[in-house]
Amino acid sequence: MTTNRQFNLKRRPEGAPVADDFALEGAPLPKLADGQFLIRNHYASLDPAMRGWMSDADSYMPPIPLGAPVRASTIGIVEDSRAEGFAKGQWVMGLNAIEDYSVGTLGGFTQPIDPDAVPSVTNYLSLFGAVGMTAYFGLLDVCEPKAGDVLLVSGAAGAVGSLVGQIGKIKGCTVIGIAGGAEKCARLTARYGFDHAIDYRGKDRAALDAAIRALAPDGVDVIFENVGGDILDAGLNNLRHGARIGLCGLISEYNAPGPVGARNLWQLIVHRASIRGLLVADFVPRFAEGAVQLGAWAAEGRLIVDEHIDEGLDNALPAFMRLFEGSNQGKMILKIA
Ligand SMILES: NC(=O)c1ccc[n+]([C@@H]2O[C@H](COP(=O)([O-])OP(=O)(O)OC[C@H]3O[C@@H](n4cnc5c(N)ncnc54)[C@H](OP(=O)(O)O)[C@@H]3O)[C@@H](O)[C@H]2O)c1
């Protein structure tokens with residue numbers, strides 16, 4: 001291939017991203033300098049966080065520049081190299097972009113991976129990638145669940161949420177998951193072993209509040225929050241004394257046209273509860289520790305990992321939008337090569 005097809009950000013989305021915000025464009029293949037290597041991207045991770053990177057609001061990372069390919073974690077194979085330790089044919093993973101080819105730099109974020117060490121190389125984007133590490137460290141380090149705790153997980157049938165609930169079960173919690181639709185709720189209990197599931201669709205804040213109270217009349221000890229909005233508000237209304245809330249994501253708010261905010265924060269005072277934002281990047285130095293434990297649980301059959309793989313760079317936008325429509329069944333991945 002002589003052209004590098006890139007899924008470029010042309011305009012900052014207002015509300016839900018639309019086709020005119022992006023363009024699939026060709027660029028010449030990048031030339032390598034000393035210390036660089038050329039990666040043929042095979043898979044890109046599609047993450048809700050990318051919606052934030054498309055915006056120029058203040059964040060933990062600079063916005064994707066207009067005209068540049070959309071930033072994403074990718075895995076691929078080194079096709080050419082001027083960097084020691086990155087030989088042709090080596091599989092690598094790094095924070096690159098949705099494009100055929102990316103350039104890695106010695107000492108940068110892109111690291112070698114071993115496809116023979118895992119059931120599928122895509123597991124580096126699910127269980128052993130940011131998703132698995134978010135679930136593992138976000139739940140265990142930030143929320144500190146104890147055996148017997150009631151754990152409430154929103155976005156529960158998704159990539160992070162499904163792992164959080166399963167880890168909660170391994171740790172002896174009673175796990176309640178909130179997800180959209182009867183099919184996903186059935187998956188929570190039948191496939192992932194959650195104790196209870198709540199279908200949030202068609203429920204307003206009061207109905208959500210009542211549904212949580214019916215399953216946890218004494219309140220919840222831990223909330224792993226992926227969604228925000230009414231779902232977070234309903235959780236806040238059902239806290240037990242000393243509850244811990246790990247604020248992982250606010251997906252219901254990412255495409256909101258204006259500011260949104262939790263309305264029941266008073267309950268944190270009533271119940272001496274804490275809420276803590278978490279960012280998976282803070283745990284990078286401990287990823288190896290997380291990978292060993294997650295890999296062991298998966299090998300023992302105690303952790304089910306689902307991946308939803310769509311194909312083709314021209315499907316990048318519809319595949320990404322599945323995250324907001326809820327039509328992904330597991331970790332959302334785009335197959336590029
Ligand atoms: N803080 C960190 O370091 C970190 C790292 C990774 C991910 N995250 C966050 O974790 C959350 C989950 O990410 P993921 O990668 O695992 O995605 P995911 O859960 O696999 O996919 C997103 C899911 O969110 C649900 N959703 C979308 N819009 C919603 C809405 N308006 N109301 C309620 N639910 C909605 C949908 O499920 P339903 O069908 O159930 O609606 C959808 O399938 C996101 O908030 C993400 O930003 C944070």
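**Close-up views of a predicted model**

In this predicted model, strands β4 (residues 71-81) and β5 run antiparallel and are joined by 7 bridges.

**View A. Strand β5 and its pairing partners β4 and β7****.** Within the pairing of β4 with β5, Ile75 stands opposite Met93 of β5. Strand β5 is also joined to β7 (residues 111-112), by 2 bridges and again in an antiparallel arrangement. Met93 takes part here as well, with Gln111 as its bridge partner in β7.

**View B. The surroundings of the ligand****.** The ligand is surrounded by 25 residues, of which Lys184, Tyr200, Tyr254, Val280 and Asn328 are the closest. A side-chain N or O atom of Asn328 lies 2.6 Å from an oxygen atom of the ligand. The ligand taken alone exposes 900 Å², of which the protein buries 91%. Helices α3 (159-170) and α9 (316-325) are the elements that contribute two or more residues to the shell around the ligand.

**View C. A nonpolar patch on the surface****.** The patch is formed by Trp266, Ile269 and Val270, which together have about 320 Å² of accessible area. Ile269 belongs to helix α7, which covers residues 266-270. Ile269 counts as exposed because its relative accessibility is 53%, the cut-off for this class being over 50%.

Notes
Residues are numbered from 1 along each chain as its sequence is written. This is a predicted model: local features need pLDDT of at least 70, side-chain atom pairs count only at pLDDT 80 or more; totals for chains, interfaces and linings use all residues. Side-chain values use heavy atoms; hydrogens and water are left out. Patches are made of residues with over 30% relative accessible area and no salt bridge: like charges are joined within 9 Å, nonpolar side chains (Val, Leu, Ile, Met, Phe, Trp, Tyr) within 5 Å. Accessible areas come from the Shrake-Rupley method with a 1.4 Å probe; for residues, only the protein chains shown count as cover. A salt bridge is a side-chain nitrogen of Lys or Arg within 4 Å of a carboxyl oxygen of Asp or Glu. Helices (H or I, at least four residues) and strands (E, at least two) are DSSP runs, numbered from the N terminus. Buried means under 20% relative accessible area, exposed over 50%, partly exposed in between (1.4 Å probe, protein chains only). Two strands pair if DSSP finds at least two bridges between them. A residue is near a molecule or strand if one of its heavy atoms lies within 4 Å of it. A polar contact is a pair of N or O atoms within 3.5 Å; within protein, one must be able to donate a hydrogen and the other to accept it, and residues adjacent in sequence count only if both atoms are side-chain atoms.
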